[in-house]
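Colleague: I have a few minutes before the meeting. Could you put the model up and walk me through it?

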Amino acid sequence: MTVVNIYEAKTQLSRLIDAARRGEEIVIAKDSTPMVRLVPIEGPGVGRRLGTAKGKVQIADDFDAPIPGMSDFEP
């Protein structure tokens with residue numbers, strides 16, 4: 001774990017960000033008291049993945065067939 005003061009964090013922010021992205025824990029302190037931790041956010045592609053329900057969902061053959069009794073509401 002690397003502890004830096006606020007002044008050093010301001011002057012070395014790019015270096016600290018690179019270190020945090022590599023997995024190093026960075027703590028920013030004020031008057032020798034730890035205040036915040038600099039951590040990387042999850043990268044793109046970690047959220048939703050397409051195709052995870054493939055083969056699990058079935059659409060009925062009459063999915064887009066007219067609903068009986070709804071002809072009064074058709075334009």
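**The hairpin and its surroundings**

Modeller: Strands β2 and β3 form a hairpin with two residues between them, and D31 in the turn has a positive phi of about 55 degrees. Keep in mind that this is a predicted model.

Colleague: What is the phi of S32, then?

Modeller: S32 has a positive phi too, of about 65 degrees, although it is not a glycine. D31 is not a glycine either. Most residues other than glycine have a negative phi.

Colleague: Where does S32 sit, and is S32 buried or exposed?

Modeller: S32 lies in the loop between β2 and β3. Its relative accessibility is 74%, so S32 counts as exposed. D31 is in the loop between β2 and β3, and D31 is exposed as well because its relative accessible area is 70%.

Colleague: How many bridges join β2 to β3, and in which sense do they run?

Modeller: Five bridges join them, and the two strands run antiparallel. Within that pairing, I26 has L38 in β3 as its bridge partner, and I28 stands opposite V36 in β3.

Colleague: What about β1 and β2, parallel or antiparallel?

Modeller: Parallel. Strand β1, residues 2–5, pairs with β2 over four bridges. One example is T2, whose bridge partner in β2 is I26.

Colleague: Why do you call β2 enclosed?

Modeller: Because four of the five residues of β2 are buried, β2 is largely enclosed by the rest of the structure.

Colleague: And how many residues of β3 are buried?

Modeller: Zero, out of six residues; β3 is hardly covered.

Colleague: Let's go inside. Which residues make up the largest nonpolar core?

Modeller: There are seven: V4, A9, L16, A19, A20, I26 and I28. Helix α2, residues 13–21, and strand β2, residues 26–30, each supply at least two residues of this core. The most comes from α2, which gives three residues.

Colleague: Take I28. What is I28 in contact with, leaving aside its neighbours within four places in sequence?

Modeller: I28 is in contact with V4, N5, I6, A9, T33, P34, M35 and V36. Among them, V4 and A9 are members of the core, and V36 is the residue that I28 stands opposite in β3.

Colleague: Are E25 and R37 exposed or partly exposed?

Modeller: E25 is partly exposed because its relative accessible area is 34%. R37 is exposed, with a relative accessible area of 56%.

Colleague: And which residue does E8 form a salt bridge with?

Modeller: E8 forms a salt bridge with R15, where the closest N and O atoms are 3.6 Å apart. Here E8 has a relative accessibility of 29%, so E8 counts as partly exposed. R15 counts as partly exposed too, at 41% relative accessibility.

Colleague: Now the surface. Which residues make the nonpolar patch?

Modeller: V57, I59 and F63 make a nonpolar surface patch of about 390 Å². V57 is in the segment after β3, with β3 spanning 33–38. V57 counts as exposed because its relative accessibility is 61%.

Colleague: And K56, where is K56 found?

Modeller: K56 is found in the segment after β3. K56 is exposed, with a relative accessible area of 67%.

Colleague: How far is the C-alpha atom of K56 from the one of E42?

Modeller: The two C-alpha atoms are separated by 28 Å, and the residues are 14 apart along the chain.

Colleague: Good, that covers my list. Remind me of the contrast between the hairpin strands before I go.

Modeller: Four of the five residues of β2 are buried, whereas the count of buried residues among the six of β3 is zero.

Technical notes. Residues are numbered from 1 along each chain as its sequence is written. This is a predicted model: local features need pLDDT of at least 70, side-chain atom pairs count only at pLDDT 80 or more; totals for chains, interfaces and linings use all residues. Side-chain values use heavy atoms; hydrogens and water are left out. Patches are made of residues with over 30% relative accessible area and no salt bridge: like charges are joined within 9 Å, nonpolar side chains (Val, Leu, Ile, Met, Phe, Trp, Tyr) within 5 Å. Accessible areas come from the Shrake-Rupley method with a 1.4 Å probe; for residues, only the protein chains shown count as cover. A salt bridge is a side-chain nitrogen of Lys or Arg within 4 Å of a carboxyl oxygen of Asp or Glu. Buried means under 20% relative accessible area, exposed over 50%, partly exposed in between (1.4 Å probe, protein chains only). A nonpolar core is a set of buried Ala, Val, Leu, Ile, Met, Phe, Trp, Tyr and Cys residues joined through side-chain atoms within 4.5 Å. Contact means heavy atoms within 4.5 Å. Two strands pair if DSSP finds at least two bridges between them.
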